[in-house]
Amino acid sequence: MIKKIFVLASLLITTLGCAQKEETTFKKEGLENVMVNMENQPITFAEILKKNEGKTIVIDVWASWCSDCVKGMPKVKALQEKYPDANYLFISMDKTYEAWLKGIEKHQLKGEHYLTSDGMKGVFGKSINLDWIPRYMVVDKTGKIALYKVIEADDEKLIKIVDSLK
């Protein structure tokens, strides 16, 4: 009986340990993924990161049709007020360019904006294991992922990491 408990406990610890693994680098497919900017010009995710080199980056993966994303906008704005020196990248999973632009305007989102070409289940989404939006990530000044995944802009982990990267 004790042996069974030990085996089950070991299995549980191993499973949880693997499930909680946080990536520290972006996958090649994600970096090569072509998005568009607000002027409808193509840009790879690698080029977006390069533009923000040397800065703390808060990434908000969202969509204008996502009610949880919209509900989270006041928290994002509060984060921007508290940490104005961080760069904020909004990566949208909207289905059309027009809907995306309307969403940015409607919610008055300040930051850099990019639209993925193939939605949540596409290349970029798969490359970051996207299973829910909103999704927040933090990239440090060296380009390393400091926080891989939280779904609330006021999550304590996100606040602590952005605070430590000031």
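On one side of helix α5, the residues K102, E105 and K106 are exposed. This picture comes from a predicted model, so let us take it as a description of that model. The helix spans residues 97-107, and its buried residues are W100, G103, I104 and H107. Those four cover an arc of only 100 degrees around the axis, which puts them on the same side of α5.

What lies over the buried residues of α5? The cover includes the strands β1 (34-36), β3 (57-62), β4 (87-92) and β5 (112-115), along with helix α4 (67-82). Just past the end of α5, Q108 adopts a positive phi of about 45 degrees.

## The chain as a whole

Stepping back, the chain has seven helices and seven strands. Read from the N terminus, the elements follow the order α-α-β-β-α-β-α-β-α-β-α-β-β-α. The chain counts 166 residues, and 43% of them are buried.

Setting aside residues up to four places away in sequence, N52 touches I57, N87, L89 and E112. With E112 there is also a polar contact: the two side chains are joined at 3.4 Å.

E112 itself belongs to strand β5. Leaving out neighbours within four places in sequence, E112 is in contact with I48, K51, N52, N87, Y88, L89 and F90. Take Y88 from that list: E112 and Y88 are 24 residues apart in sequence, while their C-alpha atoms are 6.2 Å apart in space.

## The disulfide

How many disulfides does the model hold? The count comes to one, and the partners are C66 and C69, with sulfur atoms 2.5 Å apart. The link between C66 and C69 is right-handed, with 80 degrees about the S-S bond.

Both partners can be checked against the cut-off for burial, which is under 20% relative accessible area. C66 counts as buried because its relative accessibility is 6%. C69 is buried as well, with a relative accessible area of 2%.

Towards the end of the list of strands come β6 (residues 135-139) and β7 (residues 145-150), which pair in the antiparallel sense over three bridges. Within this pairing, V138 stands opposite L147 in β7.

Which residue takes a positive phi in the hairpin of β6 and β7? That residue is G143, with a phi near 90 degrees, and the hairpin has five residues between the strands.

Methods: Residues are numbered from 1 along each chain as its sequence is written. This is a predicted model: local features need pLDDT of at least 70, side-chain atom pairs count only at pLDDT 80 or more; totals for chains, interfaces and linings use all residues. Side-chain values use heavy atoms; hydrogens and water are left out. Buried means under 20% relative accessible area, exposed over 50%, partly exposed in between (1.4 Å probe, protein chains only). Helices (H or I, at least four residues) and strands (E, at least two) are DSSP runs, numbered from the N terminus. The arc is that of the directions from the helix axis to the C-beta atoms. Contact means heavy atoms within 4.5 Å. Two strands pair if DSSP finds at least two bridges between them. A disulfide is a pair of cysteine sulfur atoms within 2.5 Å. A polar contact is a pair of N or O atoms within 3.5 Å; within protein, one must be able to donate a hydrogen and the other to accept it, and residues adjacent in sequence count only if both atoms are side-chain atoms.
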